[in-house]
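User: I would like a tutorial on reading the features of a fold. Please give the general idea each time, then the case at hand.

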Amino acid sequence: MAARSAILNVMTRAAEKAGKAILRDFGEVEHLQVSRKGPSDFVSAADQKAERIVREELLKARPDFGLLLEESGEIKGKDGSHRFIVDPLDGTTNFLHGLPHWAISIALEREGEIIAGVVYEPVHDEMFWAEKGAGAFLNHTRLRVSSRRVLADSLIATGIPFKGHGNAPAFLAQLEALMGQVAGVRRWGAASLDLAYTAAGRFDGFFEADLKPWDLAAGLLLVTEAGGFVSEIGPGKSPLSSGSVLAANANLHSHLAMVLRNAGKPKVAPTEKPKA
């Protein structure tokens, strides 16, 4: 196993500390003070507690770095080259409904490039982590994306647009085009874990639009360091800035891209040759 760098140790410790703190709240969701941040987009006492812990731990170790936080927004640092990107509780709606599928996601960006990332799932104590050029790992085990080559054998994860978010007609066209060609489609409600599971080969691919940088940053590095390929669902290659992502192994990525990009387009009938 590759040794973690000093900065990655800082990130994993911050994620573990926040995860253990809010794990104590999990299962008692009826007692949490919950306010509405927007339609179907909740922010809980647990979100705020986790973000405070992560922010304090990161800045204690690297006080000059900037931060981009889901709840608090951007905090500029004296060091203009480095920025942590943090989702303190990805899967808030799952958490608030007692569903054990949520995570803390922390990435480190250097001059616009993600160089380290962790996604921590506290319920099962699973720490997914990666550094650029050093591979991706789950706890102490190296990760590789799946090796499947055929869509019919593949399990694909996605995110379904919900109230006030996303383009439902476009998604439904993509889902209709895809579901008849794959072994199954799953929607689990935490994009950082969808990407981590894709890196681990649990999912063969993942696609979703209308995401934020904190949903994606750490997971994108996990997939690429596990040997996978990430792009926008369309032809672009910058999912972190667009919020549109398609992640899969190199064999399946082009097939999935073709299905999703052609979804909803009218089929062109073959032209009939004139009769002699």
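Analyst: Start with the inventory. The protein has eight helices and 15 strands. Helices (H or I, at least four residues) and strands (E, at least two) are DSSP runs, numbered from the N terminus. This is a predicted model: local features need pLDDT of at least 70, side-chain atom pairs count only at pLDDT 80 or more, and totals for chains, interfaces and linings use all residues. Residues are numbered from 1 along each chain as its sequence is written, and side-chain values use heavy atoms, with hydrogens and water left out.

User: What share of the 276 residues is buried?

Analyst: First the cut-offs. Buried means under 20% relative accessible area, exposed over 50%, and partly exposed in between (1.4 Å probe, protein chains only). Here, buried residues make up 50% of the 276. The accessible surface comes to about 13300 Å², with 52% of it belonging to carbon and sulfur atoms. Such areas come from the Shrake-Rupley method with a 1.4 Å probe; for residues, only the protein chains shown count as cover.

User: How do I read a sheet? In what order do the eight strands of the open sheet run?

Analyst: Start with pairing: two strands pair if DSSP finds at least two bridges between them. The order is β4-β3-β5-β6-β7-β8-β9-β10, with mixed pairing. At the edges are β4 (73–75) and β10 (141–142), each pairing on one side only. Two helices pack on this sheet. Helix α1 (residues 6–23) touches β3 (65–69), β5 (79–90), β6, β7 and β8, and its direction makes about 30 degrees with that of β7. Helix α2 (residues 45–61) touches β3, β4, β5 and β6, at about 150 degrees to β5. Contact means heavy atoms within 4.5 Å. Axes are lines fitted to C-alpha atoms, for helices over the stretch in contact, and angles run from 0 to 180 degrees between N-to-C directions.

User: Take β7. How many of its nine residues are buried?

Analyst: Eight; strand β7 (residues 113–121) is mostly covered. On one side, strand β6 (residues 103–110) pairs with β7 in the antiparallel sense over seven bridges. I104 has Y120 as its bridge partner, and A107 stands opposite G117. With strand β8 (residues 126–131), β7 pairs in the antiparallel sense over six bridges. There, Y120 has M127 as its bridge partner.

User: Which residues take a positive phi in the two hairpins?

Analyst: In the β6–β7 hairpin, with two residues between the strands, E111 in the turn has a positive phi of about 50 degrees. The β7–β8 hairpin has four residues between its strands, and D125 takes a positive phi near 50 degrees. At 44% relative accessibility, D125 counts as partly exposed. D210, in the loop between β13 and α6, has a positive phi near 65 degrees, in a residue other than glycine. D210 is partly exposed too, at 43%.

User: And the open sheet of five strands: which order does it have?

Analyst: The order is β12-β11-β13-β15-β14, with mixed pairing. β12 (184–186) and β14 (229–231) stand at the edges with a single partner strand each, so one side of each lacks a neighbour in the sheet. The twist averages 15 degrees from one strand to the next. Strands β11 (residues 155–158) and β13 (residues 205–208) pair in the parallel sense over three bridges, and I156 stands opposite G205. Helix α4 (residues 168–179) lies across β11, β12 and β13, at about 160 degrees to β13. Helix α8 (residues 250–262) lies across β11, β13, β14 and β15 (245–248), at about 145 degrees to β15.

User: Why is α5 largely enclosed by the rest of the structure?

Analyst: Count the buried residues. Nine of the nine residues of helix α5 (residues 191–199) are buried, so the rest of the structure largely encloses it. Among them are L193, D194 and Y197. After α5 comes G201, with a positive phi near 80 degrees.

User: Which element gives the largest share of the lining of the second largest pocket?

Analyst: The general idea comes first. Rolling a probe the size of a water molecule over the atoms shows where empty space is left. On a 1 Å grid over the protein atoms alone, a pocket is an open set of points where a 1.4 Å probe fits, with protein on both sides within 12 Å along at least five of seven lines; lining residues have an atom within 4 Å of a point. The second largest pocket holds about 300 Å³ of space. Of its 14 lining residues, the closest to its centre are I114, L220, L221, T224 and V230. The largest share, four residues, comes from α6.

Conventions: Grid points are joined across faces, edges and corners, and a volume is the space filled by probe spheres set on the points.
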